[in-house]
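Biologist: Please take one part of this protein and walk me through it closely. Start with the whole, then zoom in.

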Amino acid sequence: MSAESPGQNEHYRRVLRGRFREWRRTRPFWAGLFTLLGGIPIAYFPYASLKLGQMTLSMATTAGAGSLIIGVLLMTLGLTMWFQAIVRVFAGVATILLALISIPVANLGGFVIGFLLALTGGAMSIAWAPGSPEATAPVEAAGAPDGAQDVDAYETEPTADANGGRNSAG
């Protein structure tokens, strides 16, 4: 195998893709992405200028600072959803509130594009729940005779639950 062979880096790509997939599944990834993408037009449009030939159209408003703050906060909340998944409900509620506030403050919420993206991201963040781990089948002990199972394979209940909540001393 030569250094230029295309199959050499295939393993690294597969490993990185697998790691990213596992990382993405343990947090509200799409909610954070929609929130990030919603913050960009809200922060950008008040400062944008469009050139039409010799004429320049500017969307600068008196609420430009408020638009910038809302956009930056939405981008921060999107990153928070990715890296601190435990606060996803708070981040989702804050995202929805900021999206609603962006309608009067930031040119109809970034011409409705940023508003809809942020609203969708906030709702997805609130609705997201971590998945439960897959159930594994009990493993039989290696070398155990046929029919014998490992003691840990049986599910047991604590004595407090078995005796109706009373402790037993013996």
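Modeller: Among contacts (heavy atoms within 4.5 Å) between residues at least 6 apart in sequence, 68% join residues at least 24 apart. This is a predicted model: local features need pLDDT of at least 70, side-chain atom pairs count only at pLDDT 80 or more, and totals for chains, interfaces and linings use all residues. Residues are numbered from 1 along each chain as its sequence is written, and side-chain values use heavy atoms, with hydrogens and water left out.

The protein has seven helices and two strands. Helices here are DSSP runs of H or I with at least four residues, strands are runs of E with at least two, and numbering starts at the N terminus. From that end, the order is α-α-β-β-α-α-α-α-α. Of the 170 residues, 26% are buried. Buried means under 20% relative accessible area, exposed over 50%, and partly exposed in between, with a 1.4 Å probe and protein chains only.

Now helix α4, residues 88-105. Its 18 residues reach 25 Å from first C-alpha to last, close to the 26 Å expected at 1.5 Å a residue. That expected span is 1.5 Å times one less than the number of residues.

Which residues of α4 are buried? They are R88, A91, G92, A94, T95, L98, A99 and S102. Seen down the axis of α4, they fall within an arc of 165°, so they line one face of the helix. The arc is that of the directions from the helix axis to the C-beta atoms. Covering these residues are, among others, α2 (29-44), α3 (64-83), α5 (107-111) and α6 (113-127). The face turned away from the buried side carries the exposed F90 and P104. Just after α4, N107 takes a positive phi of about 50°.
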